[in-house]
Amino acid sequence: MVSIRLEIRIWMRSMYVCLCKGITDGQIREAVQQGCDSLRDLRRELGVGGQCGKCARDAREVLRDTRAQASVQPYAAVAAAASRSSGPVLFTPQPA
Ligand code: FES
């Protein structure tokens, strides 16, 4: 039996953002993680927004959300390490 949470996660991973090109938010997130940094990049790599353009706002939102998650995750990892450790946690800032 698949849990409801897992089903929601699977559903969310396959949400179509661009119907004209059949592009999901997961594909956009993957493209952003591989270096796409603007809607122009996404259009060039995936074709998002290249036809009717109705998906541009949502695609931009997925782009921003993915970038925001990427900037928060290192700190979340430090917080998780701190909660597991009884001693001090050393944090070395990394260049962006
Ligand atoms: S829905 Fe993306 S270009 Fe039409």
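Mentor: We may begin with the word helix: here it means a DSSP run of type H or I with at least four residues, numbered from the N terminus. By that rule Asp 41 has its place in helix H3, residues 39-46. Please keep in mind that this is a predicted model.

Trainee: What makes up the protein as a whole, and in which order do the elements run from the N terminus?

Mentor: There are four helices and two strands. From the N terminus on, their order is α-β-β-α-α-α.

Trainee: Why is Asp 41 called buried?

Mentor: Buried means under 20% relative accessible area. Asp 41 has 16% relative accessibility, so Asp 41 counts as buried. Leaving aside residues up to four places away in sequence, Asp 41 touches Gly 35 and Cys 36.

Trainee: Which residues of H3 are buried, and how do you know on which side of H3 they lie?

Mentor: Leu 39, Asp 41 and Leu 42 are buried in H3. They cover an arc of only 155 degrees around the axis, and therefore they lie on the same side of H3. On the other side of H3, Arg 40 and Arg 44 are exposed. As background, an α-helix has 3.6 residues a turn, so residues three or four places apart point the same way.

Trainee: What makes Arg 44 exposed?

Mentor: The term exposed requires over 50% relative accessible area. Arg 44 has 58% relative accessibility, so Arg 44 counts as exposed. Just after H3, Gly 47 takes a positive phi of about 90 degrees.

Trainee: Why is Ala 56 called buried, and where does Ala 56 lie?

Mentor: Ala 56 lies in helix H4, which covers residues 56-84. With 16% relative accessibility, Ala 56 is under the 20% cut-off and so counts as buried. The C-alpha atoms of Ala 56 and Val 17 are separated by 8.7 Å, although these residues are 39 residues apart along the chain.

Trainee: How much of the protein is buried?

Mentor: Buried residues make up 22% of the 96 residues. The protein exposes about 7600 Å², of which carbon and sulfur atoms supply 54%.

Trainee: What makes a set of residues a nonpolar core, and which have the most contacts inside the largest one?

Mentor: The residues must be buried, of nonpolar kinds such as Ala, Val, Leu and Ile, and joined through side-chain atoms within 4.5 Å. The largest nonpolar core has 15 residues, and those with the most contacts inside it are Val 17, Ile 28, Leu 39, Leu 42, Val 48 and Ala 59. Strand E1 (16-18), helix H2 (25-33), H3 and H4 each supply at least two residues of this core. H4 gives the largest share, four residues.

Trainee: Which residues does Leu 42 touch?

Mentor: Not counting residues up to four places away in sequence, Leu 42 touches Ile 28, Ala 31, Val 32, Cys 36, Gly 47, Val 48, Ala 59 and Leu 63.

Trainee: How do you know that Asp 65 and Arg 29 form a salt bridge?

Mentor: The rule asks for a side-chain nitrogen of Lys or Arg within 4 Å of a carboxyl oxygen of Asp or Glu. For Asp 65 and Arg 29, the N to O distance is 2.9 Å, so the pair is a salt bridge. Asp 65 lies in helix H4 and Arg 29 in helix H2, so the pair ties together parts that are 36 residues apart in sequence. By this rule the count comes to five salt bridges.

Trainee: What makes Asp 37 and Arg 67 a salt bridge?

Mentor: Their side chains meet at 3.2 Å, N to O, and the cut-off is 4 Å, so the pair qualifies. Asp 37 is in the loop between H2 and H3 and Arg 67 in helix H4, 30 residues apart, and the pair links these distant parts of the chain.

Notes:
Residues are numbered from 1 along each chain as its sequence is written. This is a predicted model: local features need pLDDT of at least 70, side-chain atom pairs count only at pLDDT 80 or more; totals for chains, interfaces and linings use all residues. Side-chain values use heavy atoms; hydrogens and water are left out. Buried means under 20% relative accessible area, exposed over 50%, partly exposed in between (1.4 Å probe, protein chains only). Accessible areas come from the Shrake-Rupley method with a 1.4 Å probe; for residues, only the protein chains shown count as cover. Contact means heavy atoms within 4.5 Å. The arc is that of the directions from the helix axis to the C-beta atoms.
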